[in-house]
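Subject: Structure handover

Dear colleague,

I am passing on a structure that you have not seen before, together with some notes on what was found in it. Please keep the model open while you read.

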Amino acid sequence: MNALGRAARASLALLPTPLHRLENFGRQIGLSNLWIKRDDLTGLEGGGNKTRKLEFLVGEAIESGADMLVTAGAIQSNHTRQTAAAAAKCGLKCALLHFGWTEDAGPLYRQTGNILLSSLMGAELYLDETPRPIEDQSPLRDFCERLKNDGHKPYLIPAGASEHRLGSLGYMACAGELVSQCDAMQLRPDYIVHCTGSGSTQAGLLAGLELLGEKIAVIGVADDHETDIKQGRVLELANQALLEANSDRQLSEKDVEIIAADQSEYGKAEEATLELIRSLASSEGLVADPVYEGKALRGLQLLLANGRIDPGDNILLMHLGGTPAVHAYANQFGPPRFIETGGSQ
């Protein structure tokens, strides 16, 4: 891990993030030893996993003399919101290109949640409504060139902050943090489970655990119904990260496990996922979002049902953030119900 210490790094995250037990929710779904790593509390407004990644990318941006961070995502992207927060904290401008990767989830989809926070934090918001698959961010480079021609000094961050030579370093460092916390608690996880989207969270954890010689299985739960593209990308990013860390170790296909639990397209969720979100909230006071963390909860349920994990295993669930987006999906949960008090007229 010494190579990570030599990389330029902006101070963005409040670390270490907490790690604690989920006794009530674990009991509800049939797991007696369920733990959670709270990367929804990384420090920038709204929290989330991108903050760890952005420390390295923004560090390089500042070192290179850039005056603007440029990236892309869906309208309710957690990544774009955290990039806006990082730019504000570091005194940089920020331009966010939003793609039509998913349909609007409800009437307030473009007015609340992540997009509202990005606006409040001063980012310039751009919109390309052309329907395109989640893997397609092709207009981003031309968009960055346009900003350069307008006189800015932009630093380009790919959507999700993943497909970048530094994109996995944040979770390589997190692997060390996590192992140290578990050692202090005398906890030995059998499995780490989290949602996988753009891939560098899982890649970084796998690479970091490999460097540490820790044989903890990492299972990614897809943010949609696709796994093959994600598996190939995670493997490539993990091996790139090992090279970036000056390691001659490499991972193989058998080291990367990704499942699909909710068969919805990106940005949508099945009713069973929404029900698990309600269960977590009502049993632990914690909220998962329908796009990412709700899918991770479905993954836990499926892994247990399929016998991939056992009820007594030590399971560490990574909460990677996304709570602000819940507000944009409020209509899918139904309106809050008031109980009349029966007071005097």
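This is a predicted model: local features need pLDDT of at least 70, side-chain atom pairs count only at pLDDT 80 or more; totals for chains, interfaces and linings use all residues.

Methionine 68 counts as buried, at 0% relative accessibility, where buried means under 20% relative accessible area, exposed means over 50% and partly exposed lies in between, with a 1.4 Å probe and protein chains only.

Residues are numbered from 1 along each chain as its sequence is written, and side-chain values use heavy atoms, with hydrogens and water left out.

Strand β3 belongs to an open sheet of 4 strands, ordered β5-β4-β3-β6 with parallel pairing, and two strands are taken to pair if DSSP finds at least two bridges between them. The edges of this sheet are β5 (124-131) and β6 (154-156), each of which has a single partner strand, so one side of each is left without a neighbour in the sheet. From one strand to the next the twist averages 25°, based on axes that are lines fitted to C-alpha atoms (for helices, over the stretch in contact) and on angles from 0 to 180 degrees between N-to-C directions. Strands β3 and β6 run parallel and are joined by 3 bridges, and leucine 69 stands opposite tyrosine 155 in β6.

There is also an open sheet of 6 strands, with mixed pairing and the order β1-β2-β10-β7-β8-β9. Its edge strands, β1 (19-21) and β9 (257-259), each pair on one side only, and the twist here averages 30° from one strand to the next. Within this sheet, β7 pairs with β10 (residues 315-319) in the parallel sense over 3 bridges, and valine 193 stands opposite leucine 317 in β10.

The structure also holds 3 cavities of 30 Å³ or more. A cavity is a set of points, on a 1 Å grid over the protein atoms alone, where a 1.4 Å probe fits but cannot get out, and its lining residues have an atom within 4 Å of a point; points are joined across faces, edges and corners, and the volume is the space filled by probe spheres set on them.

The largest cavity contains about 480 Å³ of space, and of the 35 residues that line it, the closest to its centre are Lys50, Gly160, Gly197, Ser198 and Tyr292. Among the elements that each supply at least two residues of this lining are β3 (68-74) and β7 (191-196). The lining has 9 nonpolar, 17 polar and 9 charged residues, with Ala, Val, Leu, Ile, Met, Phe, Trp, Tyr, Cys and Pro counted as nonpolar, Asp, Glu, Lys and Arg as charged, and the others, Gly among them, as polar.

The second largest cavity contains about 60 Å³ of space.

Finally, the count of disulfides, meaning pairs of cysteine sulfur atoms within 2.5 Å, comes to 0. Cysteine 144 is in no disulfide, and the nearest cysteine sulfur, that of cysteine 94, is 12 Å away.

With best regards

Note on methods. On a 1 Å grid over the protein atoms alone, a cavity is a set of points where a 1.4 Å probe fits but cannot get out, and a pocket is an open set with protein on both sides within 12 Å along at least five of seven lines; lining residues have an atom within 4 Å of a point.
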